[in-house]
Structure formats: C-alpha cells, structure tokens
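User: Could you take me through one part of this model in a close look? I'd like to know about its open space and what surrounds it.

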Amino acid sequence: MKKKGSPLLRDLRENRTKWLMLVPAAVVVILMCYIPMSGIVLAFKAYNYHDGIFGSPWVGLENFRYFFQSGKAWTTTRNTVLYNIAFLCVNTFLQIVCAVLLSELAGKYFKRITQSVMFLPYFISWVVVGAFIYNIFNFEFGAVNSFLRSVGLAPVDVYSNKNAWPVILIVVSAFKNVGYGTVMYLASIVNIDGQLFEAADLDGATMWQKIWHITLPCIRPTIAILFLMAIGTIMKGDFQMFWQVTGNNPMVLEVTDVIDTYVTRSLLDLQEFGMTSAAGLYQSGLSFVLVLLANYTVKKVEPDYALF
C-alpha cells in the first residue's frame, strides 16, 4: 500500500531519531551564525549607542568609501589573499606528502606515535605559539640571537625586519595545521581498496608507481573537497595567528596586517563600528564569490567532486 503524505513528512517519521540528533547543531548554527547576520545593517549606518543598531541613521555606502579611502583596503586584502594562498599550497602539499609517507610505514606503533606527535601542535594555543616565536627571535635574549652572539656574529632584529615575517608565518602555519590535515588525508588513504595495491604488487609495481597511479588518484575527491572548503577562507585571515604571533607589531604591519586584524584594531582604537562592519561584509562577500567560482570550475572539470 502506498504511503500518503509528502516525502519530507515521511522522512521525518521514518528517521525521527536522526532528525532529533540534528536539532542541537541546527539551533547552535541559527543562534551563532544566522541571527547575528542581522548586524550586517551596521555597514550601512552611522552607529551610535543611543539609537542602537536598528535606530541609527542610514549613510548608504559611506562606510565602504571610508574603508577604501583609508589606504588599508588594498594592503589588508593583498596580505589576506596572498598569505592564505601560500598557506593553502604549502600546507596541502605537506599534508599529502606526510599522509602518503605515514601510510607506507610498516611499524604500526611507530606510525601511531608519529601521527599523534604531528597532530599535537593543532591543540596548542596561538598564545603559546606566539610566546615560542618571541623567545626564539627576541633581539636581546632570543635563542637565535643568543646563538649568533655566542659564535661572534651580529644579532638580527627580526621584529623590525618586514621581509622575515612572511616566511615565519608560513612555517608557523605549517607547524600548527599540517598534522590535522595529514590525519584527514590518511583516513582517505586507509579507505582505498587494498585489492588495488595487491594487483599492483603482482604486476611488479614499485612503491612510487603505486603512490602515483593508485594512492593520489584515489584521494582526489578528498583533495577537491578540502580545497573548495579552504577557498572559502581565502579572504578570512587566521586572526589568532596574525595577532598573537606578530604581537600586533606596528613595525611589520605592512606585511602582516590582514582584514581581521585591521578590523579588530579599528574597533579597539577608533570605535568605528560602521566602517569595520563594512570591511567584514566586503570580506564575506568576496569569500562567497570565490566559493561559487571555485565550485563552478571544479564542476566543469570533475562534476562528481563539486560541493553543489
């Protein structure tokens, strides 16, 4: 007998336990993500405490004009995009290499220990990482300069050297995030059908041939999905990393200031709620466009790997 009712109602009845499990996550997303989106109107208003968010007068695109004429729009956008592209390329490459190497290790216990040690930095606070960096590169008592002085060389003032910080930030990002990505790629490699490797062994394939012709092609969907998810964050700098590692050092802001740190500093120093909201909306809008373009490109090349 054919069941009556809409497909959604039938699914709710048949899978009510799964839907109930989804409710807490949905409530958190609605409360923390969708309801705060009403604050977007601040980008088009001259906010004041007396009238509040919705009572403050409208100023149209004036906040956007102020942001772009401040001279920081281009610098912060450039830094945000270039850093995130560098993080994406370097971290993805290292994550795939580490995952492949771990999958080829024979020792089960050694593999588990190595995997755990690599994953550990992900849980270290950026405050602690910033303290490490400070104690390594401090001009007076840092480990690097202490070593240089001990061998008779001149110390290096890293905290006033703008050229050093792109390298430092890329290395620190890899230190913090490579282990986490390695675990995800390793999980994808573990799920590859073992019969493919057995057949390759019978055909006399070497380890590198199996990696190139079996492992890498089989994890392409995972690479594509993680790449698309990372594209959405290209316009969003890792605030904790840039703020804590550099210590908001004004000497190197030209190469370390991203949109997130600029917005925070403007809020703290200038109390410019409208301009900072406009900068945040500009950032989110570009991220949305980048995700759509990346997904469209992937869909044209490999339709099965697209997010939607």
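What volume does the largest pocket have?

Analyst: Happy to! This is a predicted model, in which local features need pLDDT of at least 70 and side-chain atom pairs pLDDT 80 or more, while totals for chains, interfaces and linings use all residues. Numbering starts from 1 along each chain as its sequence is written, and side-chain values use heavy atoms, without hydrogens and water.

The largest pocket has a volume of about 780 Å³ (space filled by probe spheres set on the grid points; a pocket is an open set of 1 Å grid points where a 1.4 Å probe fits, with protein on both sides within 12 Å along at least five of seven lines). Its lining counts 25 residues, and Asn91, Gln95, Asn177, Ala230 and Thr233 lie nearest the centre (lining: an atom within 4 Å of a point). Helix 5 (73–104), helix 9 (165–190), helix 12 (220–231) and helix 13 each give two or more residues to that lining (helices are DSSP runs, H or I, of at least four residues). By class, the lining of the largest pocket has 14 nonpolar, 9 polar and 2 charged residues.

The whole structure holds 20 aromatic pairs.

How values were computed. Ala, Val, Leu, Ile, Met, Phe, Trp, Tyr, Cys and Pro count as nonpolar, Asp, Glu, Lys and Arg as charged, and the others, Gly among them, as polar. Rings of Phe, Tyr and Trp (its six-membered ring) pair if their centres lie within 6.5 Å; planes under 30 degrees apart count as stacked, over 60 as edge-to-face and the rest as tilted.
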